Each structure stands twice: as structure tokens, then as C-alpha cells.
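Welcome, and thanks for taking a look at this one with us. Here is a short tour to follow with the structure open beside you.

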Amino acid sequence: MENIIKPNIIINNDCLETLKELPDESINCCVTSPPYYGLRDYGVDNQVGREETPEKYIERLVEIFAELYRVLKNDGTLWLNIGDSYCGTGSKGNCTDPKNPMGRNGQKVSLTHNVAGCKHKDLIGIPWLLAFALRYDGWYLRSNIIWHKGNAMPENVKDRPTRSYEHIFLFAKSKKYYYDALSIAEPAADKKRKRKNGFSGLRNCRDMWTINTVPYKGEHFAAFPLLLAQRCILAGCPEGGIVIDPFFGSGTTGLAAVKNGRNYIGIEIKPENCQLAKERIGGNGIEIVQNITIL
Ligand SMILES: C[S@@+](CC[C@H](N)C(=O)[O-])C[C@H]1O[C@@H](n2cnc3c(N)ncnc32)[C@H](O)[C@@H]1O
């Protein structure tokens, strides 16, 4: 008998533990944004992003996404939003900043201040380290979408440009996979090309997406914009399918799924965030559970 998961639930647990409970080939698509390396402290045990070194962080994510690989249908895709970190950002060494004793993001001492092979001020290159590690692990690396933030936050730097983008890597489990190009096609600039590609007035979506960040009042974590999650879901998950987000946060992926006729499974380690996500997606009808339910 085929295992069917009960969707539209939030699971309050460690994502690796939960993914291990899910049946093989049961999910259509994953849209997610793991905590960035060494940036924030979410104040919960076993959280991702607080590993001692970037290598350990990447190893851990590779293990989590290997479990996701098993759980995805063979034509499934993973849309992975990831940003970079600088070596030595945050507080300096063991001296805490007297103005922010818990650090700007709730961390006393920056984890990025000692990274093998990097000098202070070097960009670590986390997104590509992770992309190559996942490709090596068997994923098809299909696209590096640049999420350009039209309203990027100013940075207090005068010796490099201000950062204004993050990566969204599109990975596939197989060579051929579900991808609805038309659902995210763009208006065509040139009329001749319009007719040729059969999209009638549209052209294939480009790999740079300009989408503004949306401030989220609830907590001090980085939620990605609804529009961003929506684009990934439209292209990566058929209507009525299931989208999973193992780092659910405030539940943007779930909200985008529901708004677009898809189902979702959210995994989130922090109970307060599960509650936030529940309220954001629709309140009372949504269950927060500790374990997956197989029907
Ligand atoms: C960058 S935030 C995700 C934000 C989300 N995309 C949104 O739009 O709200 C990362 C989330 O991963 C959660 N997290 C960290 N470690 C985890 C783990 N081991 N298992 C499940 N969730 C985890 C954090 O609590 C945080 O809410």
C-alpha cells in the first residue's frame, strides 16, 4: 500500500529527524531557506547555522538534503535560497560589543571569525561551497537564480559594494523533472521572439529576479518574500501537489502554497516560530504536531 502523508501541517521538530520519518518519493517540491552560517542565534538546541566551521555547516546541510532527496518524487526539485557570510563579521574575537552584549543578532561571539583558508574580511563563498557539495552528492545543479533585492539594506561599508542579492539554486533529483516554464514566463521584449518560442507574448523566465524584501514584524529573522516562494512553487510543484519547507520559519512557503492551490508540510525547530507560521497561514484549522502522520 502506498504511504500517503497528511499535508498542511506544521511539524515542530528537528528537520533531519522529521525527514527520516517521511516515506520515499512522497513530496513534489522543496522551497527553503536554511539559517545562514554564523549569522543568527535562534536560541534553540540543535539549530542549523551554529556549527563550529563552514565545513561542518555544509556537511550537515548535505545530510539533511540527502534525506530530502529520498523523500522527493523522482521528478521533484529543490529551490534553495542561501546567502553568504564574511570571515570575521559580527563581534571581534572574544570581545563582545559593549553596546550589543548579545551581538546584533543575539550572538555573543561571531562564529565566522576563524575560518580555515580565509583571512578576516574575506567572503567565505558559502553558497557555492554548498552547491558543489550537493552536486557531488548526486543532485543536478540546474540554475543559479540571483534574487536581486530592489530595496537592499544599506551596509556600513566604504571599501566594497553593498550586498544586494542572494542565491536561489534550483536542484533536480533527476535529469528530467517537473518544471512549468509557462507559469513563470515573463513579458517578451521583442515581438519576433514572442512568436517563435510559442509563449505568445511571453519569454522564458530569466535567472535574475528582482523582488523587494518585505519586513516581517513578528520576529527578527529573515523571512523570504511571498512572491519569491510563489514563483518557485508555481514552476516546481503541480497544482494539488505537496511542497515541503524543512526550515519553515514564519511559514512563507506554506502561505504561498495555500494561496496557489498546493499543499505544504512545514518543519520548524522553534515552537514560537511554528505558532507564528500557524497564525500567518490561517490560524485555528492548522495543526502543529511533533511527528508526521501517515494516512
Ligand atoms: C532563515 S529562517 C527561514 C525563514 C522562512 N523562509 C520564512 O520565510 O519565514 C530559518 C529557520 O530555520 C529554523 N531552524 C534552524 N535549525 C533547524 C532545524 N535543525 N530543524 C528545523 N528548523 C530549523 C530556524 O528556527 C528558523 O526559523
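Let's begin in a loop: K121 is found between β3 and α3. Please keep in mind that this is a predicted model.

- K121 counts as exposed because it has 11 C-beta neighbours inside 10 Å, and the cut-off for exposed is 12 or fewer.
- Leaving aside residues up to four places away in sequence, K121 touches Y86, C87 and G88.
- One of these contacts, C87, is 34 residues from K121 along the chain, yet the two C-alpha atoms are separated by 5.4 Å.

**Helix α3 and its cover**
- Helix α3 spans residues 126–136, and its buried residues are I126, P127, L130, A131 and L134.
- Viewed down the axis of α3, the buried residues fall within an arc of 130 degrees, so they line one face of the helix.
- The cover over those buried residues includes helix α2 (54–71), together with strands β3 (72–82), β4 (140–148) and β5 (165–172).
- Just after α3 comes G138, which takes a positive phi of about 125 degrees.

- How many of the six residues of β10 are buried? The count is six of six for this strand, which runs over residues 263–268 and is mostly covered.
- N263, I265 and I267 point one way from β10, while Y264, G266 and E268 point the other way, and all are buried.
- Strand β1 (residues 9–12) runs parallel to β10, and four bridges join the two.
- Within that pairing, N12 stands opposite E268 of β10.
- Strand β9 (residues 242–245) also pairs with β10 in the parallel sense, over four bridges.
- For V243, the bridge partner in β10 is Y264.
- To get from β9 to β10, the chain passes through helix α6 (residues 252–259), and this β-α-β crossover is right-handed.

**Around the ligand**
- Which of the 22 residues around the ligand come nearest? They are A223, F247, G249, S250 and T252.
- By residue type, the shell around the ligand divides into twelve nonpolar, seven polar and three charged residues.

Terms used:
Residues are numbered from 1 along each chain as its sequence is written. This is a predicted model: local features need pLDDT of at least 70, side-chain atom pairs count only at pLDDT 80 or more; totals for chains, interfaces and linings use all residues. A residue is near a molecule or strand if its C-beta atom, placed from the backbone, lies within 6 Å of it. Ala, Val, Leu, Ile, Met, Phe, Trp, Tyr, Cys and Pro count as nonpolar, Asp, Glu, Lys and Arg as charged, and the others, Gly among them, as polar. A residue is buried if 20 or more other C-beta atoms lie within 10 Å of its own, exposed if 12 or fewer, and partly exposed in between; C-beta atoms are placed from the backbone. The arc is that of the directions from the helix axis to the C-beta atoms. Two residues are in contact if their C-beta atoms, placed from the backbone, lie within 7 Å. Two strands pair if DSSP finds at least two bridges between them. A crossover is right-handed if, with the strands pointing away from the viewer, the path from the first strand over the helix to the second runs clockwise.
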